[in-house]
Amino acid sequence: MTTQWEAEGRGHRWINYAYRIYKQEVGQEEFRQKLSEQFTPQPDPSIFSKVSINSKVDKLRLIFTSSSLATGKRPFHAVGVGAVGNATVVSEPTFPEHEFFKPGRVFPIRVRHSNFNQVDDASIDIRGAALKFDDVDVDGPFDLMMATGAMAPYWNISSFEEYLNSRGSPEKTRAWLYNFPQNYYAYVDGCRRAPRSYSTLHYYSQHISQFRGKDGVLRYVKYRMLPLDDAVESGLLSHEDQRSIWDPKRLPDEERAQNYLRQEFAERLKKGPINYKLQIQLHKFRQGDSEEIFNASRVWDPQNHPWKDLADVAITTLLPDHVTEKTSFAIGNQPDSLGLVVPKTVEDYNSVPHILSRAIPTSNTAVRIRAPKQEALEGRKQTYTVQVRTGKAKDAGTSGTIAASLTGPHRRTGPIRLNQSSFQPGKDANFEIEGGDVGEVLMLTLESPSGTLRSPWYLENVVVTDRRRGRRYEFPCHNWVEDKVTLRQGRASLPDFDTEVLSAQRDMETQQRRQTIKWKHDLLGLPGYIKAEKHEDLPKDLQIGTEKTRELNRTLDKIEKGDFPDMMERLGMTTLAEKLRGWKGIEDYERIMNTVCPTAPACIEDWASDAEFGRQFLQGVNPSVLQRCDKVPPYFPVPEEAVKRSMDLGKTLRQAVVAGNVYLADYAILDGIIANNVNNVPYFTTSPLALFYVTSAGDFLPIAIQLYQTPGPENPIWTPSDSESDWLLAKIFLRNADALVQQLEGHILKTHLVLEPFAVAAYRNLPACHPVHKLLIPHLRTTAAFNTILRERIIAEGSPLDKCSSLAGRSRLQVMAKAFKTFHLQSLNLPANLAEQGTDDAMRLPGYYYRDDGLKLWRATEKYVTDMLSLYYKDDEAVREDEEVQLWICDSHDNGFNWEDNIDRGVPRMLTSLGDLCELLTIIIFTATTQRAAHANGQRDIYSFIPNAPWALMQPPPAIKRVSSDDDIAKVLPAKPASLRQAALANFISSCGEGEVTLGNFPERRLTEEEAQEVIADLQLNLQRISEISRERNQTLKHPYTYLLPEKIPNSITP
């Protein structure tokens, strides 16, 4: 489509008179002869073709380099103006699927508009637009060179050289124009006189490139970029201009400045983004295609090659001239799926782009050495102070030069070097810099001029102060920087409230994260998780600190190997014979516990009593297992007479059930699970049920235990009426099952694995500026890291649990898969779950401090989330229209919870109200903090004394009453190596939260707004009150419940 066709298509009558003018000058006969002589058949390649091409490359490289060194300018397109913006590939493309142009992909871009030859913007000249698909000075994945006019005024390297030589004078230009009719026609097609703006012109690539889609089919492509308003192009030549096109000087009545296009472009950006539509034409290669399809002086018929939308281009921010002029554009800079066509001969239609791609880069290097002087567009200079804070970790610092660039609403500075070569851990570095006045500083970019830092740098935040205006801007980072980072102000924002420049940045941020953070789905029956075989495979921002990682691995290595020299020496296990010898009695287990626990837990005094046994179900580490028994299950036929003595005087079991005083613990999830076998030594476990009774005195007592799900003669129901050893054995098997389910379902699955989908999806879909990201990440940041360690070192086969648990790796996975099959998100909603379980009534179930403290913490968390989200979401519609939060929940659902099936687990694919979002975030934060603490903080207390809750059992349970003895209790308990591992692991899990940032504390200032800080202060005040109430109550208790004291709850997931 020529410029004339394009104008006519927009209802504007503009005619290219070139052929008519040519015929009037030379006559019809010569016109026809010249027209027929212009494009001769392509010569066949010879053995000298490659030599000829290389010779042309050398010749042009020398010419271009010499010209640039002599003038300090580019060889052509010397006068220009640059800006940055973004190009977003259309979401529903009509072109073949392509690796580079993926639907919705966002590219940062630089654009340089320019005149081909003339310094005066009001003169007649071809205008150019060069796009670099990255915001860098050189390289980048793709450079696109375009010019006004649908056709080039040359077709091979010889004609291109003639075109270049015609620039010396009007006489030379006139002679060249009349050399061939197509020279004249194409030149008129591309030249513009005094256009209103660079932004009102149409730009074409003219040259043909390759386009290889994912289908593997070879196609050829042309590009064009049109203003989005679809207006008629400005600057088209009048009839008079076409008759004297070789005389480019400005018209006598032209009053605009010589560089008015540069000035207009800068002023235009102040009004908002300049928007273009980038389009392509495609030609599918067919055997026998005419070489004319490669002729840059010909157009492709739009009927057979329709223009297809490729990307939306938004130019947002003016570049300083010195940055623009050192930006190199290379026509050959293209990804593998695109690329130039290799010419066969020097006269090949494809010779020009190929030879220029090899000849021009050297001359651009020269331009970067001596940039041409132009009137600066940056405006007045401004002084800024910059405070850079490095993280406190030992390896957080770095050395090397750092440069800062400031971006405002429509301008940005170039990189300004910070006068310091080393950034020390935990230190602030202060600088004073001078650059162009950008207005409000919206974004800050820090980068290493050399491309990479000498070591990764943990950057806490940066504060920039505009000295003249007295304005302070805070830029949180709280991430590792390896080469370059772009930060925006700390205030949170939703996508619809961002300017174009900020909107593009948030899109590119999540797009980049999706490239590095991917899903993995190979643990059947379990939630999707982050793709990483081991912790070191994670992106550095998602890893935990180096020292912490080493400490974790050292501890787990010792546990796995059973390497406890200090413990063994204290236990007298200094010889192989002593290590292999069995325990002498319960006192040996006490000695293990004393080597692990700083102080002996109170449970040790009366661990075997029913009162202590029941208390640990209420106040231990698996508090969610209990449910009120509205009806004794038919597969648990508890005889009234067997439990009569356990009931309050005159009460029956049925009456107690009706009164709501009976509670059930059911471990059906272990039914059918195969027990472990270590070195041909079998381990044992059961799938028990148990009834507990709340006495009139408020004691919570076990009254019946059935060790398997199916009743029968060999599966008796055990009660306190049985012998002391029988009843204690039944309780030990029950505690074994409870410990297994607690670790696998209550702890690992329901406080670790089910949170990972929300964390992974948050990083993939929510930019750091999103309020939901800012709310969640302090609690989920380490989730993927610790879960990766759990999968690698704890859950999988070969973990320390294999040698101290009744379940091997495969069985552990089966238990978690069974639990996940019936999982519902509402089970993590504490008030809803308590009501569902029937454990919400404090009068019926006293002493359930997990409930009492948990509900206070739930309400505090809920208020915090609601108050914070209300700062950003005004109503339900705002939630429904938030594309980023909808992508987050959809990704969580599709790739996290329902990648394998369509079971309703309570995780929606779409959020429809602010209330739903508040509830969901409350669940996530509460689970990552309070719920995890409830299942982890007390493990040292409960599990370090092995008889109290053994993870492994060495004998099968009794099947007949009154045949067991105290010796059977000793035989069923695990041996020394397994006991040591259990105690060490329990201590490890409880100690992981010690020294961590606790609930309600946010040393990383992600939310910088004053209103947000007030919400945080309110949360902290509420948590302080909760702590005071709990501590006051604990003073009256024999066994204080401290696991949910706010100051003992880590603010983020730990193992």
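**Helix packing and sheets in a predicted model**

Asp610, Phe613, Gln616 and Phe617 of helix H17 touch Trp727, Lys731, Leu734, Arg735 and Asp738 of helix H20. Sorted by class, that H17 and H20 contact holds four nonpolar residues, one polar residue and four charged residues. Before I go on, please keep in mind that this is a predicted model.

Now the geometry of that pair. H17 covers residues 610-619 and H20 covers residues 724-753; they pack at an angle of about 15°, and their axes are 12 Å apart. Angles under 35 degrees count as roughly parallel, so H17 is roughly parallel to H20. The crossing of these two helices, H17 and H20, is left-handed.

H20 packs with helix H24, residues 809-821, at an angle of about 65°, and the axes of the two are 10 Å apart. The range 65 to 115 counts as roughly perpendicular, which means that H20 is roughly perpendicular to H24. This crossing, of H20 past H24, is right-handed. On the H20 side the contact residues are Leu744, Glu745, Ile748, Leu749 and Leu753, and on the H24 side they are Arg812, Val815, Met816, Ala819 and Phe820. By class, the H20 and H24 contact has eight nonpolar residues, no polar ones and two charged ones.

One more helix pair. Helix H12, residues 500-516, and helix H21, residues 756-765, pack at an angle of about 130°, with axes 6 Å apart. H12 and H21 are therefore oblique to each other. Thr510, Arg513 and Arg514 of H12 make the contact with Ala762, Tyr763, Arg764 and Asn765 of H21. The residues in this contact of H12 with H21 are two nonpolar, two polar and three charged.

Next, the annotated region. An unreviewed UniProt entry carries the annotation "domain: PLAT" over residues 382-495. How much of the chain over residues 382-495 is helix, and how much is strand? The model gives 0% helix and 53% strand there, and the end C-alpha atoms of the stretch are 30 Å apart.

Last, a four-stranded sheet. Its strands form an open sheet in the order S14-S13-S17-S20, and the pairing is antiparallel. The edges are taken by S14, at 416-417, and S20, at 484-488; each has a single partner strand, so one side of each is without a neighbour in the sheet. S14 is joined to S13, residues 403-407, by two bridges, and the two strands run antiparallel. Within that pairing, alanine 404 has isoleucine 416 in S14 as its bridge partner.

To recap the helix pairs: H17 is roughly parallel to H20, H20 is roughly perpendicular to H24, and H12 and H21 are oblique to each other.

Key:
Residues numbered from 1 in each chain as written. Predicted model: local features only at pLDDT ≥ 70, side-chain atom pairs only at ≥ 80, totals over all residues. Heavy atoms only, no water. UniProt positions renumbered as here; feature names shortened; annotations may be inferred. Axes fitted to C-alpha atoms, helices over the stretch in contact; angles between N-to-C directions. Parallel < 35°, antiparallel > 145°, perpendicular 65-115°, else oblique. Left-handed = near helix turned anticlockwise from the far one by under 90°. Contact = heavy atoms within 4.5 Å. Nonpolar A, V, L, I, M, F, W, Y, C, P; charged D, E, K, R; others polar. Pairing = 2+ DSSP bridges.
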